[in-house]
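Have the sequence and the model open as you read.

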Amino acid sequence: MPVIREDDLIASIAEALQYISYFHPPDFVRAMSAAWEREENPGAKQAMAQILVNSRMCAIGRRPICQDTGAANIHIRYGVEAKTDFKRALQEICDEGTRQGYLRNANPLRASVVVDPFGDRKNSGDNTPCMLTVEMVAGDKIDVEVAAKGGGSENKAKFTTLNPSGSVADWVVKTVDTLGAGWCPPGILGIGVGGNADRAMALAKAALSDPIDLSDLQRRGPSNKTEELRLEIAERVNALGIGAQGLGGVTTVLDVKIRSFPTHAASLPVGLIPNCAATRHVHFTLDGSGPAAFAPPELSDYPDIVLDQASAHARKLDLDNLTDDVLASLEPGQTLLLSGTLYTGRDAAHKRMIDMLDKGEPLPVDLKGRAIYYVGQVDAVGGAAYLVSKAIKAAKPVAFEDLGMEAIYELKVEDMPVTVAVDTEGNSIHKSGPAKWKRVPVLA
Ligand code: SF4
């Protein structure tokens with residue numbers, strides 16, 4: 001029987017992580033394209049167009065779909081009869097694949113994993129460790145699912161234990177309505193029903209790798225309870241009107257995937273994990289014949305979209321001359337093209353600046369009249385989400401370099417497209433947009 005080599009698993013994981021950093025799964029592209037075609041809210045339609053154009057550019061240029069290149073989630077189904085030459089623990093082997101995938105010179109991916117979650121949160125530098133789960137199964141092969149899960153959507157994971165007579169659909173719809181736009185919709189909902197607390201969450205995560213086929217299901221109709229539940233949740237969640245990037249619109253989820261497992265008679269555990277517009281996963285099998293090969297997707301899956309960023313709807317904004325009057329004139333939902341100086345700053349930088357202000361110390365950067373871009377810096381070769389990276393003309397670190405990707409960078413941008421989320425009076429497009437597009441669900 002052929003021997004599955006440690007080096008082949010490492011090389012395959014590294015290649016898989018590179019592959020999913022720049023290729024959306026084809027079923028995701030097709031579902032997003034269909035959603036873009038039927039979207040009625042112009043703002044949400046534009047957001048979807050940007051997602052699709054960015055995705056196509058990333059596929060061609062082999063650059064990351066999003067600046068958050070995720071945490072590596074690896075699930076291995078290990079055939080009990082598989083012959084291997086493995087000498088190290090599976091965690092170490094998969095970490096080596098993760099390291100090689102994220103540190104590749106031709107397309108370095110942002111390392112986002114911090115070592116001590118409730119201590120000093122120092123970045124591990126190579127995105128290790130990966131989140132590894134292993135299942136022993138019948139057979140002589142090693143089956144691997146690799147995903148790169150964004151922090152924004154992972155942060156919105158939820159769990160509950162319902163009464164056995166409780167409604168899974170009611171809980172999911174009510175919960176998604178509270179998630180806001182931080183999970184970067186449109187995306188997929190992974191739902192795990194049954195088992196126990198940890199099994200329900202594992203089922204929800206695994207469900208996110210199932211193929212997107214909601215439109216097929218809508219056409220042919222449900223043939224079991226799970227499919228009925230998928231249709232009900234998809235319709236009711238989309239009727240919430242949240243829309244692309246929370247701007248309001250007809251599509252919030254491209255599919256709802258559900259996996260279930262037997263459970264205790266007293267329990268109905270439910271796990272919910274959303275996946276974002278940067279859904280990234282791929283599957284491969286090792287049988288001893290060498291590392292996995294990954295075929296690039298067909299570019300013909302992408303719709304022909306020309307982004308007219310300088311359209312009459314977009315307003316140019318000079319970041320070097322921001323006054324109170326200019327800021328007061330911005331309207332929620334308005335598209336802006338930003339030019340000038342922008343500073344990056346995420347949670348760690350904000351916290352450090354607050355601490356400095358509390359101690360009466362001067363800030364390392366004068367932020368008066370300046371804009372902050374809530375983003376983690378990435379390698380210039382890797383690029384931010386490719387579409388946005390085209391607007392960034394120069395970047396240099398100016399403070400807190402020890403924070404790694406959370407350091408403060410000074411960016412020079414030109415016509416960088418953004419949407420006004422909240423105006424100076426606190427009015428939010430994430431409230432008014434969904435309120436406008438909310439509708440009564442049509443249930444069979
Ligand atoms: S699309 Fe949003 S949630 Fe997904 S990886 Fe990018 S920033 Fe994170």
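## Ground rules

A residue counts as buried under 20% relative accessible area, as exposed over 50%, and as partly exposed in between (1.4 Å probe, protein chains only). This is a predicted model, where local features need pLDDT of at least 70, side-chain atom pairs count only at pLDDT 80 or more, and totals for chains, interfaces and linings use all residues. Residues are numbered from 1 along each chain as its sequence is written, and side-chain values use heavy atoms, with hydrogens and water left out.

Helices (H or I, at least four residues) and strands (E, at least two) are DSSP runs, numbered from the N terminus. Contact means heavy atoms within 4.5 Å.

## Alanine 234 and its helix

Alanine 234 sits in helix H9, residues 225–239. Is alanine 234 buried or exposed? With a relative accessible area of 3%, alanine 234 is buried. Leaving aside residues up to four places away in sequence, alanine 234 touches Leu214, Val253 and Val256.

Two packed helices are described by the angle between their axes and the distance between the axes. Axes here are lines fitted to C-alpha atoms, for helices over the stretch in contact, and angles run from 0 to 180 degrees between N-to-C directions.

Helix H6 (residues 168–176) packs on H9 at an angle of about 30°, with the axes 10 Å apart. That makes H6 roughly parallel to H9 (angles under 35 degrees count as roughly parallel, over 145 as roughly antiparallel, 65 to 115 as roughly perpendicular and the rest as oblique). The H6 residues that meet H9 include Val172, Val173 and Val176, and among their partners in H9 are Leu229 and Ile233.

## H1 against H4

Now for helix H1 (residues 6–22) and helix H4 (residues 90–102): their axes come within 7 Å and cross at roughly 45°. That makes H1 oblique to H4. On the H1 side, the contacts include Leu9, Ile10 and Ile13, while H4 contributes residues including Ile93, Gly97 and Gly101.

## H11, a helix with two sides

Helix H11 (residues 347–358) has 12 residues and spans 16 Å from its first C-alpha to its last, close to the 16 Å expected at 1.5 Å a residue (1.5 Å times one less than the number of residues). Ala349, Met353 and Met356 of H11 are buried. Looking down the axis of H11, its buried residues fall within an arc of 60°, so they line one face of the helix (the arc is that of the directions from the helix axis to the C-beta atoms).

The buried residues of H11 pack against strand S13 (408–419). On the other side of H11, Lys351 and Asp358 are exposed. Glycine 360 follows H11, and its phi is positive, near 80°.
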